[in-house]
Structure formats: structure tokens, C-alpha cells
Amino acid sequence: MNVEDSSKYPGGDAFVNEGFRNWNMKCRIRRHVGAINSAHNEAEEKYNLFMKPRTSIRESIGSNSADFKAQYLARLTWSLKCISYLLRQGLAFRGHNEGKDSNNQGNFRELLAWLAGNFEEVNMVVLENAPHNCQMIDHKIQKQLIAACAHETTKFIIEELGDECFAILADESSDAYQQEQLSLCLRYVNKNGEPVERFLGLVHVEDTTSLTLKQAIQSLLIKYQLPLSKIRGQGYDGASNMKGHVNGLKKLIMEESSSAYYVHCFAHQLQLTLVAVAKENIDCQWFFGQLAYLLNVLDMSCKKIRMLRIAQAEYMIEALKLGEIETGQGLNQEMGLARPGDTRWGSHYRTVMHVIHLYPSIKKVLFRVGKEGKGVEALGAQTMLRVFTSFEFVFLLHMMNEIFGYTNDLCNALQKREQDIVNAMDLLELTKVELDVLRRDAGWEEFIKNVTSFCQKHKVKVVDMDGKYIPIQRSAKFYRGATNYHRFHADMFLGVIDRQLQELNSRFDEVNTELLRCMAAFNPANSFSAFDNEKLVKLAGFYPHDFDFQERNQLRFQLHNYINDVRNDENFKNLRSLADLSMMLVKRDMVSRYDIVYKLLKLVLVLPVATAGVERIFSAMNTIKNKLRSKMGQDFLNNCLTTFIEREFFLQAKDEDIINYFQAMKDRKVNL
């Protein structure tokens, strides 16, 4: 029935409307059912994908063509090469904006793009020419490759260590994010007989109590399957949580290994002697107070730094014309004026040395500031100039340079990684002898001659040693009847040297222990003149877990053959240290012949002398985790540090081994 004919029949309109409604309903039902079927099919497809076992990258490559596999490996290799370069240089990886429209996408992407733009073989497989889901440039991929690099680097260290005993060197410091970090180094003797110090890892600690530090060290050693029972030495600074006899870290480690003898860092002890002299002697106190005031007056503003540079340049030109200084590579370098710090090794000596070198330039700048400046600035410069050009200031300046110069040589020698504790003891005794020679009449006469020559050159009035002493900026009431000779020779010169010698004797109390006296019998200097069979046999008794009864009994006879052999060998005549002796024994293939003697020698060599290696790690940490990268994750920081510090081993790691470990990480679903 048509719509037009519906009016001919009763109820026709209602009938038509009902038909339309039924038809619309059927259409809606069909569309709804279709939508349900589509959603069902989509859900079923996702379910099947979810239930399908995941395939690793290696499996997916294996299922594709050989060309795709080669391209993938090439792409991964070039990404690894970029990462290796950035790790060796300690550079950041990411940029602030890594989008395509960015002018700087970060070091990693920029380096990869540069390679692609200059080498066609690289361009063919990376970035735009790589599949979008396999470009190998994601930051997670970078982190996993970095972890693989660190793993292979540490693997070399563990292989070099082998089953040998070792010593631990530890210290804590805060990073750029103000998190407390514990750094751990291992000291051991490698296969060439050379004592080495290697970085093992960095651990974040919540506090610096001895128990927390011990747990952090133990967790790091367990990670690499290194038992605490293998520890044969400990090297820390003098903090109470480290060296405490009751609950200190030293005590806790010795409970696990009774032969893990503790040595207070020699360089740290030496710094304590300098601080004690600088703070407890009244004349030195006055001198360093004036030195601090001098740095405040100069205050190292841009204007005054430029004035000092210009004054020094003018002085150098004049000195070159007169032939007073020589030219050459590395000579006449620019020097700054840094404040001496109680915890910065050698900082007092560097400041004093630089003031002597810049004396005429500083004098010129003080005069100019005092004349052209205004207010407090001018008054401070005028006051300082009077002190600066006094004989007493110049005398103390040279005296500190002389005394600290001897101890600075000792400090630099102690910081060498190959330094052994017996040689360190000899260097300490040599420094004491040099200071004792300086305090004698001949040393005083040579010293006062140099001071007088300096004063005459720079127009500083020289005092009469037989005249009455007139103090600078101090009341004369405290020095009534004192002559210049008594004040400068007895009170200052001899007083400071005696105080320095007293501090060296009292601070280095470890050198008087029976253990170290026995170790000195190994010293090869002067054709093994210090050799003592009984002391070395006694030394073996300090290590009961390393020598059984048979070895201790055999040691006496082996030492007898050993000393006769090395004294008659020309190769052993000019040796100066235990490290030289150990390496020569390996070189001459005498280790197997004197295996017990060599084992005892290695135990002496592993004892640490200074924690300079740990301090170098903190310097590297400040380079890598700086203010712009202050939120680096702990694992990421540790991996970057390992490859940056131990680059010698990192350079030996093969790309193939790193890639294999990286792919194994993906297979194990390692979450970094």
C-alpha cells in the first residue's frame, strides 16, 4: 500500500507510521550488532596477540632476512660507538629538546646525525633510513647499552683480580643532588706484580654510620662475588665512624677478616699536621690571618683580576728583557689566588707559593686600589699594603714556603697509586731529616740569605737582627726586650719547624707498630740492607689464614734461598720500592720458585697508603653529575663513572661482547 492511498483506509496513517518505526528499529539493531561484532573481533585479535609468546630481538631478527639482521647490527654498533665516545669524555647524552624541529637534539643524536651526514655507510642504516620501531636511539636503549659497557669494564677488573686478596679504600661525599655517596676502590697486585687501585662502584647511603657503610660495602662486594674474608687491608680518612676502635667501620670489617689491617690515609694525616701548625702557632696564626685578609681585599672581582693580570704581564715583560726568567713550553703560566682549605691537600702551600710568585704584581694592585679606590675598599688596601711590604710578612711567607715545600713533595709522593707503605715510611723519615737539616745553623743562614735577597729586589726594608723587635699590628708590650734575632730565629723559624716535626711524629703513630717494622725488612734499597729473615717469618704470623703450618715452616728456608738469589742478580741491584721488586720477580719468572715469599710480598703491597684514588673518583663524579645532570639515577651514574674512570679496561672491551650482553639483557627483561 502506498502512502498516498493510506487515507482511503481507516487507520491507514497509524499503520504506515508503525511500519516505518519497525523498519528504523531493524536498521539500528543491524548497526548495533555490526558494531558489537567489530569490537569483538578487535578484542579477540588483541587477546591472541597478548597470548602469543613474546619474541626477543634476536628471535625476530632470526626470522627475517640476513640483510635486515646485518642492518640491525650495524645500526646498534653505530649507536654503541656514539655512546662509547660520550662515556669516555664524561659528556651528557640527552638534550633539552630532542624533537625533529630542535636545533640541538643532545650530544648522542647530534653525534649520530653528524656521522650519518658524513659517512654513507652510517646514513644507510640509522635515523630516517631505519624502521621507526628499531632506530636504537631511545634513551632506554642508551641506558641499557651503557649498563652493558660498565658490565664488560668491571668484568676485566674482576678477571684481573682473580682469586687474590685485596684491600678496600672507601670514603663518602655528597653529590650535586646532595645525596650521600660511598665510593669503593680495590687495591690488589695484578698478574704483572704491580699494585693497582680499581674503582668498583658507588653506593648511595642514607647516613654515614659505621654499620650503614659496612652494609653498603658488603652489598657491593657480594654483587661481584667477593667475600669479606679476602680483605687484607683498609684505607680510610680519620673520621671517628671510620677508625673507631669499638664501633668504627675498621672494627666491623676486622670482625669479618682479622687480617684486614687499617691504615689511616697518610696524605690526610699530613694535611692534619699542616693545619695544626697553621692554627696552633701564634705567629703562623697571624700570618694566615693576614693572608686571608689579603684575599678579602683583592676579593677577586673581575676588575681586580684584570688589574692583577695586567700587572703580572708588565712584570713578566720587564723580567724577560732583563733575563731574569726563561721562556719555554709550560713556563710562566698564569696563577690565581685560592683560599687555603683545611681539607684540601696542599692548598696552603699552593697559596703561599703563588703569593711569592705574584708578589710585585699584588703590591702594585694594592697600591693602585688604595690610591684610586674609595671608602672601605681603599682603607683595606692601604692597611694591607703596610703589612704586605713588612719584613715580618715576607719572612713568614718564605718560611711557610720552605717548610710546606718539603711536606708537599711528600704529599705528592703519597698520592701515587703504586706507592707502598714501606716506601711511604722511608719518605716520611726523609722529610723529617730534611726539616732537621733546615733548622740547623747552615740551613738558617741559607734561608735568611734568600729572604734578604728577595727583600732587596722588591724594595722591602730588612731589619737588623741585633736590633729591637717591633711587631706589626700587635702591641709591643707582649715583646718587651725581645730582639729581632730571637723572634725571627728562635720563636718563628725554630718554633715552627719543631712544631712541624712534633706533629709528624705524633700523627704518624702507625709507623711504629710491629707490623710495619716487619714489613720494612722487605725493602730492596741498598742491596736489601734491611732484610731480616726473622722479621719476615714473624710477619707471616700476622696473616694466619693465608699461611698454613707447612708454609710457615718452609718460609724460613725459602727466604734464605731468595735473599742469596736476588743479591747475586744484577737486575735486583737498583730497585727502590717493593713494587719494583714485585714486578722484577714476575719479569724474571721467579714467582713459582719463591711462591711463599711472593705471597707474603703481595700482602704487604695491598696495604693502602692514601685514599687519593677515592678522592679522584669524587672529582670525576662532580664532572659527570653536575648541576645540569643532578637528577641522574644511581645505576646510570655508577655505570657512567665506571667507564669514565676505568677507561683503560673500557677501551679493551669489544663491541661484540657488549652487544651480546645487551641482547641477553633484553632476553632477561632487565629493567634499568
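User: What makes β4 and β5 count as paired strands?

Analyst: The number of bridges. This is a predicted model. Pairing needs at least two bridges between two strands. Here 4 bridges join β4 to β5, so the two strands pair. They run parallel. One place to look is Gly 235, which stands opposite Val 263 in β5.

User: How many bridges join β1 to β4?

Analyst: Strand β1 (residues 166–174) and strand β4 (residues 231–236) are joined by 4 bridges. At least two are needed, so β1 and β4 pair as well. These two strands run parallel. Phe 166 has Ile 231 in β4 as its bridge partner.

User: Which strands are the edge strands of the sheet?

Analyst: Start with the order. The open sheet has 5 strands, arranged β3-β2-β1-β4-β5, and its pairing is mixed. The edge strands are β3 (195–204) and β5 (261–264), each of which pairs on one side only. On average, neighbouring strands of this sheet are turned by 25° against each other, direction ignored.

User: What lies across β1, β2 and β3?

Analyst: Helix α6 (residues 139–161) does. The helix runs at about 130° to β3.

User: How do you know that both faces of β5 are covered?

Analyst: Check the residues on each side. Tyr 261 and Val 263 sit on one side of β5, and Tyr 262 and His 264 on the other. All four names are on the buried list for this strand. In a regular strand, side chains alternate between the two faces of the sheet.

User: Why is His 398 called buried?

Analyst: Buried means under 20% relative accessible area. His 398 has 11%, so His 398 is buried. Its place is in helix α16 (residues 391–414). Leaving aside residues up to four places away in sequence, His 398 touches Ile 356, Phe 447, Val 451 and Phe 454.

User: Why is helix α13 described as largely enclosed?

Analyst: Helix α13 (residues 347–357) has 11 residues, and 8 of them are buried, so the rest of the structure largely encloses the helix. Among the buried ones are His 348, Tyr 349, Val 355 and Ile 356. The cover over the buried residues includes α10 (266–280), α11 (282–298), α14 (359–372), α15 (375–388), α16 and α18 (441–457).

User: Which residues touch the most other members of the largest nonpolar core?

Analyst: They are Phe 287, Leu 366, Phe 395, Met 399, Met 519, Phe 522 and Tyr 562, in a core of 114 residues. Helix α16 gives this core its largest share, 13 residues. Take Met 399: not counting residues up to four places away in sequence, Met 399 touches Phe 447, Met 492, Phe 493 and Val 496. Another core, of 46 residues, lies apart from the largest one, and its members include Leu 87, Phe 108, Met 136 and Val 614.

User: How many helices and strands does the protein have?

Analyst: There are 29 helices and 5 strands. Of the 672 residues in the protein, 47% are buried. Among contacts with a separation of 6 or more, 71% come from residues 24 or more positions apart.

Methods
Residues numbered from 1 in each chain as written. Predicted model: local features only at pLDDT ≥ 70, side-chain atom pairs only at ≥ 80, totals over all residues. Heavy atoms only, no water. Axes fitted to C-alpha atoms, helices over the stretch in contact; angles between N-to-C directions. Contact = heavy atoms within 4.5 Å. Buried < 20%, exposed > 50% of the residue type's maximum accessible area, 1.4 Å probe, protein only. Core = buried A, V, L, I, M, F, W, Y, C linked by side-chain atoms within 4.5 Å.
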